[in-house]
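Please open the model in your viewer and keep the selection tool at hand.

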Amino acid sequence: MHARVAAATTAALLGGTVLILPTTSAHAADDDGPVVVAHRGASAYAPENTLAAVDKADDLGFSWVENDVQRTKDGVLVVVHDATLTRTTDVEKVYPDRAPWRVADFTAKEISRLDAGSWFGRRYAGTRVPTLKQYMNRISLNHQKLVLEIKNPELYPGIEGQTLKVLSNEGWLDPGHLRSRLIVQSFSPDSVRTVHDLRPGVKTALLGTPSVANLPAYSRFADQINSSHSTISTGYVAAVHAFDGPHGKPLEILTWTVDDARTARRVAGYGVDGVITNRPDVVRRALSGY
């Protein structure tokens, strides 16, 4: 256990978990306050996980975007959140006999035919599900930064190495990107550990709100603990910051999905390092001056 935690003298009870808190904060917040990350792009204003959402975030002046990566039947990585295509595309209309319409049951060419924008609004009719390669090209063009989530890794054996290969091919594993432009996250500790083992230089994040008792183990391969805003507190954030991650710096914590000013100010008061939001402009205004 890190010395900052060993010196703790305060315990907080949250959701049935006893947190041992350091006596002083180990986290020095940036002068500009928490970083604001556009969730699935600026997904309140354009269809999620599409190039349109990336461009909307750029138009609003946000460099950090978040996305979700899964794999097609023929092994192509695509940017889509759900394990099925039904919520965000017209797959049931185009392929009516292919229920339950899982991403893994369609080839990349088949998915490229789908309309991933009409569900959101008529102006986005014809928007496509991007491949990870296409997505990386666009955010590179926009000079943006990426929090990449590996979704459902249990469905896609080897997706960690494949994701890293695409990132490498697109020039995203060079020192500059690794230093300040890329985070790879997952809800699966095994997946996060695999990314760290394959490319130790990559900054990684574990999604969820693990108990403080488990933080020492996770801090060996995760640089961040990224939690739902409804599950954290000042005490939990301080407990996370008390541990050093695999790169010798205090663990960070980003929180999701925060879309209103009141919640944004609340979590900023907790001391979080970043806020993931569908409405980055709303959060930026709320945090002005933090």
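The structure holds twelve salt bridges, a salt bridge being a side-chain nitrogen of Lys or Arg within 4 Å of a carboxyl oxygen of Asp or Glu. Side chains of opposite charge can pair when their charged atoms come close. The model is a predicted one, in which local features need pLDDT of at least 70 and side-chain atom pairs count only at pLDDT 80 or more, while totals for chains, interfaces and linings use all residues. Residues are numbered from 1 along each chain as its sequence is written, and side-chain values use heavy atoms, with hydrogens and water left out.

**Stop 1: salt bridges**

Select Asp-55 and Arg-138, which form a salt bridge whose closest N and O atoms are 2.5 Å apart. This pair links distant parts of the chain, for Asp-55 is in helix 2 (residues 51-59) and Arg-138 in helix 5 (residues 132-141), 83 residues apart. Helices (H or I, at least four residues) and strands (E, at least two) are DSSP runs, numbered from the N terminus. Asp-55 counts as partly exposed at 23% relative accessibility, and Arg-138 is partly exposed with a relative accessible area of 24%. Here buried means under 20% relative accessible area, exposed means over 50%, and partly exposed lies in between (1.4 Å probe, protein chains only).

Next, select Asp-190 and Arg-193, a salt bridge with its closest N and O atoms 2.8 Å apart. These two residues are three residues apart in helix 8 (residues 189-198), so about one helical turn separates Asp-190 and Arg-193. Arg-193 counts as partly exposed, at 32% relative accessibility.

Then select Arg-40, Glu-48, Asp-68, Asp-82 and Arg-87 together; a network of salt bridges links them.

**Stop 2: the cavity**

Keep Glu-48 selected, as Glu-48 is also one of the residues that line the largest cavity. Rolling a probe the size of a water molecule over the atoms shows where empty space is left. On a 1 Å grid over the protein atoms alone, a cavity is a set of points where a 1.4 Å probe fits but cannot get out, and lining residues have an atom within 4 Å of a point. How many cavities of 30 Å³ or more does a search of the whole structure find? The search finds one. The largest cavity has a volume of about 80 Å³, where grid points are joined across faces, edges and corners and the volume is the space filled by probe spheres set on the points.

The lining divides into six nonpolar, four polar and two charged residues. Ala, Val, Leu, Ile, Met, Phe, Trp, Tyr, Cys and Pro count as nonpolar, Asp, Glu, Lys and Arg as charged, and the others, Gly among them, as polar.

**Stop 3: aromatic rings**

Rings of Phe, Tyr and Trp (its six-membered ring) pair if their centres lie within 6.5 Å; planes under 30 degrees apart count as stacked, over 60 as edge-to-face and the rest as tilted. By this rule there are five aromatic pairs. Select Tyr-95 and Phe-106: their ring centres are 5.3 Å apart and their planes stand at 55°, so the pair is tilted. Tyr-95 is buried, with a relative accessible area of 9%, and Phe-106 is buried at 0%.

Move on to Trp-119 and Phe-120, whose ring centres are 5.6 Å apart and whose planes stand at 85°, so this pair is edge-to-face.

Return to Tyr-95 and select Arg-98, which lies over the face of Tyr-95 at 5.4 Å from the ring centre. A charge sits over a ring if NZ of Lys or CZ of Arg is within 6 Å of the ring centre and within 35 degrees of the ring normal.

**Stop 4: the backbone**

Most residues other than glycine have a negative phi, and most peptide bonds are trans. Select Ala-99 and Pro-100, where the peptide bond is cis with omega near 5°. Pro-100 is in the loop between helix 3 and helix 4. Finally, select His-143, whose phi is near 60°, a positive value in a residue other than glycine. His-143 lies in the loop between helix 5 and strand 6 (145-150) and counts as exposed at 63% relative accessibility.

Notes. On a 1 Å grid over the protein atoms alone, a cavity is a set of points where a 1.4 Å probe fits but cannot get out, and a pocket is an open set with protein on both sides within 12 Å along at least five of seven lines; lining residues have an atom within 4 Å of a point.
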